[in-house]
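Visitor: I'd like to learn how to read a model like this one. Could you walk me through it?

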2 protein chains.
Amino acid sequence: MAARYEQIAAELRDEILTGVHPVGSQLPSEAELAARYSAARGTVRQAVGILAAEGLVGSRQGARRIVLGGERSQSFAELHSFAQWARSQGHVVGGEVLGQRRRKAGPAESAKLGTAEVLEVLRLRTLEGEPVLLERTVYASWIAPAVEGLPRDCESVTQALYDGVGLVFAYGEHLIDAVSASSEDARLLGVRRGSPLLRQRRITTTQEGRPVEWSDDRYRAGSVAFSIRNSIGANPLARLAL
Amino acid sequence: MAARYEQIAAELRDEILTGVHPVGSQLPSEAELAARYSAARGTVRQAVGILAAEGLVGSRQGARRIVLGGERSQSFAELHSFAQWARSQGHVVGGEVLGQRRRKAGPAESAKLGTAEVLEVLRLRTLEGEPVLLERTVYASWIAPAVEGLPRDCESVTQALYDGVGLVFAYGEHLIDAVSASSEDARLLGVRRGSPLLRQRRITTTQEGRPVEWSDDRYRAGSVAFSIRNSIGANPLARLAL
DNA sequence: GATGATTTGTACGTATGTATT
DNA sequence: GAATACATACGTACAAATCAT
């Protein structure tokens, strides 16, 4: 069961997002909230402290808290699953496997994934039918059979692996930078060679720290951006379609 | 004067960084610390809460706190201050103001910053003498005088504004994507026109939610990447030089 | 502008729940 | 199971900043 202050934070967050407390308005005072929830002032302070760390409300000594900002992002799953993110944003997501083969792991791959053999997959993902993302993913050999068993147009690989073999991604490292489109990139994404792409390289592991995949994802410029909201307390991050 | 819990946090942080509490060791219990500093347990909890948010110590219910990291992960400051990040990584950072003028705010700027007039600043930043970043920043009018008073080659604007007028950045939103270099971008960064740049657009606010600046930062491809490590709980993020 | 009420920030102390050792 | 230690929650008091009169 969630702690009392978490419940209060959740209720207030919901009230903010549903417009009960519009952006720019004042939040009820700590005393009022304490009375409303039959809680001590300290408990209410813990709750609003969460919202402040999320950047949802601002705090100034002596003045009532002000509602600052709009929506909040559910950072983790979003960054690992293109399909889950896209669907939650109301986009029509598509995709297809363009190539798939087993091969020996290179030294760098072997070090990252801890296996001697890997499964290399090339996928093209679309939003509203437009190609936006080219994924070059290398899977560890122990998960390869499950991946090979997926349909070529599987929408959400993350979801399918969870449903199929109960695999849960729990941790990831991401590197985000910009690169020029190679000839192959350009042809598949429908852009000119040398045009800018947003690249996300990521390695994903299970809860126990076992590496699952290593991927080089390239987004067509102007299609997707990464959104990060950070305060001193917390760092939500998310994808964003342009 | 700093609050008592901030003093305690500072002392503990110093003891950790100087090796009094080595990495992997246990921190004294809350009760011990309360006795040592003649403070209430709640005050000690506020102090160690800061260290936990910084990633310096870990917390588990029932177990003593463990000292985690050597260095402080200041993921927040890092993403807002190029100079603070670069220096913490041992880079030689330089920079210069190329242009600066006051002008009327456009509708989008006015909505973002909440002022009718803005101060527009164009800065070129270097690492080891090489130009890597072009900053186009728009400041709210109330902070403009302080910014205009800075030297043209000021290394850390964030630091200077803190020292000068006590301004603390507390919250930010960032959009990261890739764009083609414009003619001006290309000339100033020393790359070909149309070559890929990593763009970071950010808006920064004070603790009270008052907008301070809106910036369009463009990094030369291959010079800097954004690094994100995310688990289900926390999302530290940082810049990374390539 | 000054005063007093309001509101948040800091600090104390106590009690109980829950996970670890 | 017992002892320890962190997590949650309550209540009180005063300081500091803000706001309304």
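This is a predicted model: local features need pLDDT of at least 70, side-chain atom pairs count only at pLDDT 80 or more; totals for chains, interfaces and linings use all residues.

Visitor: How many residues does helix H3 of chain A have, and what does it span?

Guide: Helices (H or I, at least four residues) and strands (E, at least two) are DSSP runs, numbered from the N terminus. The expected span of a helix is 1.5 Å times one less than its number of residues. H3 of chain A, residues 41-53, has 13 residues and runs 18 Å from first C-alpha to last, close to the 18 Å expected. Just after H3(A), A:Gly55 takes a positive phi of about 85°.

Visitor: Which residues of H3(A) are buried?

Guide: Buried means under 20% relative accessible area, exposed over 50%, and partly exposed in between, using a 1.4 Å probe and protein chains only. In H3(A), the buried ones are A:Val44, A:Ala47, A:Val48 and A:Leu51. They sit on the same side of H3(A), because they cover an arc of only 90° around the axis; that arc is taken from the directions from the helix axis to the C-beta atoms.

Visitor: What covers those buried residues of H3(A)?

Guide: In chain A, the cover includes helix H1 (4-17), helix H2 (30-37), strand E1 (57-60) and strand E2 (63-67).

Visitor: Is A:Arg125 buried or exposed?

Guide: A:Arg125 counts as buried, because its relative accessibility is 4%. You'll find A:Arg125 in strand E4 of chain A, residues 117-127. Contact means heavy atoms within 4.5 Å. Leaving aside neighbours within four places in sequence, the contacts of A:Arg125 include A:Phe82, A:Gly94, A:Glu130 and A:Glu155. A polar contact is a pair of N or O atoms within 3.5 Å; within protein, one must be able to donate a hydrogen and the other to accept it, and residues adjacent in sequence count only if both atoms are side-chain atoms. Here, a polar side-chain atom of A:Arg125 lies 2.4 Å from the backbone oxygen of A:Glu155.

Visitor: Which residues come nearest to DNA strand C?

Guide: A residue is near a strand if one of its heavy atoms lies within 4 Å of it. Of the 23 residues around DNA strand C, A:Arg41, A:Arg64, B:Arg4, B:Thr43 and B:Gln61 come nearest. A backbone N or O atom of B:Arg4 is 2.4 Å from a phosphate oxygen of DNA strand C, and a polar side-chain atom of B:Gln61 is 2.7 Å from a base nitrogen. Among the atoms of DNA strand C within 4 Å of the protein, 76% belong to sugar or phosphate and the rest to bases. E2(A) gives the most to this surface, with three residues.

Visitor: And which come nearest to DNA strand D?

Guide: A:Arg4, A:Ala40, A:Thr43, B:Arg45 and B:Arg64, out of 23 residues around DNA strand D. Sugar and phosphate make up 78% of the atoms of DNA strand D that come within 4 Å of the protein. Phosphate oxygens of DNA strand D lie 2.9 Å from a side-chain N or O atom of A:Tyr5 and 2.8 Å from a polar side-chain atom of B:Arg65. The largest share of the surface near DNA strand D, three residues, comes from E2(B).

Note on methods. Residues are numbered from 1 along each chain as its sequence is written. Chains are lettered from A and ligands numbered from 1 in the order in which they are written. Side-chain values use heavy atoms; hydrogens and water are left out.
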